[in-house]
Amino acid sequence: MITFCISLVLLILGYLFYGKFVEKVFGPDDRITPALRINDGVDYILLPSWKIFMIQFLNIAGTGPIFGAIMGAKFGPAAYLWIVFGCIFAGATHDYLSGMLSIRNNGAGLPELVGKYLGNGVKNVMLVFTVLLLGLVGAVFVKSPADILTSMFDNGMLWIVLIFAYYIIATMMPVDKIIGKIYPIFAFSLLFMAAALMVVLFVRWYDIPELWETGVVSLGKLTHPDSFKDDLFPALFITIACGAISGFHATQSPLMARCMKNEHLGRPIFYGSMITEGIVALIWATVASYFFYGSPAPGYEFMAAAKDGYLTSAPVVVNLVCNDWLGVAGGILAMLGVVAAPITSGDTALRSARLIIADWLHMEQKTIAKRLSISIPLFLATMGLLIWQMENASGFNVLWGYFGWANQALSVFTLWTLTVYLAKNRPAYFWVTLIPALFMTAVCTSFIVISKTALGLAPEIGYCAAAVMCAVLLGIFLKWKVNLKPEDKKEE
């Protein structure tokens, strides 16, 4: 619990100090924002800043900081290090700068930004990759809340139909009609759940492993006897994504970039919502540590005995915690947050996909017919993924594994885009995103080489491949930077 307390303080300090530094690096000013300049009544609409924060937090959260943290806790206290340092120096920086860059480019989606700074070839790859990822998110985030609702009320298929029907409506409606009205309520539920669980943790002060305890964690593998034996690097950094860094967030930030009154709101909205998500991940990682490593046995021995890594039933942990720790009333409100979080991330994922495709086709989205022409094929493709997931016994876990890698790969593209932007506009500070870009490049490269769901080669080969990939990309970047012409260095 001491590691948890230190981590919590570090996240808050990270927002106050490093967040302020990153804000200074970007340099927000008083220029007119897209919400005021364009204002189409559908996607570009001015919203109150507190609503934007709640919507942004709910959009990026989903079940990621909950399920990911629960599964990541299998790696022991090392999870705390990744959540804290990943969130402050990578995730929140990634979210803030990508959100602000979208504002500077008329609320542009991620593929448009990637194309502007990395070239049209990369843009076309990113366009396909991003839309596929967002469809994957939509499918994953139908099944996981439906599973939780089914465990409470049965009628699994009915919940799936209702959630998907909601997706269709929310994706099509103007942003202030549904998202602007109900998201703040759901965000409050999710925050209430996290706060309530944190109070329980402090009151009960469970005996769980600390970071400095001998035999708890090593550089290569977790050594706790009840643990599974996946390689800590890179598996930990794929498993815990949304609580540390997530490329998915860069697809969501443009939604709120189109609703902000001024640029100075960027740090509390973009950087602050990511830090908040990191706190949620910390809480759930601690809760899961109690289940997996608590002493004496926490009373759910079947959870501690699980050695199957990614197949650990995170929804089961959520259900047990909310009902046993928070009572009936608190459990209902907490479960509302857990159920609403993935649903609301799913619908905004499909909304983002619609806008990205519209930008690519240069198709206005003010008329319903134009929105439908993009949305119908998108919904059909997502429905196909959902059906496959339901018919496959391990469908959710397979999709979650692919989502985890694709999610982090997306963050690699975003971080390199931001590095090029900083090299041109803030040349003294390009290292702010270069370091996390290289780290996440190493994570994604080694994972695809080592993972049994991909190439399945020896870890040493994966690490060598990661080192080579980082060296090649760094060399390309430095060569480009040296040859950068003076007239190309400043675009503002």
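Helices (H or I, at least four residues) and strands (E, at least two) are taken as DSSP runs and are numbered from the N terminus. By this criterion, the protein contains 18 helices and zero strands. The structure is a predicted model, in which local features need pLDDT of at least 70 and side-chain atom pairs count only at pLDDT 80 or more, while totals for chains, interfaces and linings use all residues. Residues are numbered from 1 along each chain as its sequence is written, and side-chain values use heavy atoms, with hydrogens and water left out.

Of the 492 residues in the protein, 60% are buried, that is, under 20% relative accessible area (1.4 Å probe, protein chains only). The largest nonpolar core has 152 residues, of which Ile66, Tyr167, Leu236, Phe270, Trp284 and Trp325 touch the most other members; such a core is a set of buried Ala, Val, Leu, Ile, Met, Phe, Trp, Tyr and Cys residues joined through side-chain atoms within 4.5 Å. Helix H12 (residues 266–293) supplies the largest share of this core, 16 residues.

Contact was defined as heavy atoms within 4.5 Å. Leaving aside neighbours within four places in sequence, Tyr167 is in contact with Gly138, Phe141, Val142, Pro342, Ile343, Gly346, Asp347, Leu350 and Phe379. Among contacts in the protein between residues at least 6 apart in sequence, 82% join residues at least 24 apart.

Helices H5 (residues 78–104) and H11 (residues 248–257) also meet: His94, Asp95, Ser98, Gly99, Ser102 and Ile103 in H5 are in contact with His249, Ala250, Ser253, Pro254 and Ala257 in H11.

Terms used: Buried < 20%, exposed > 50% of the residue type's maximum accessible area, 1.4 Å probe, protein only.
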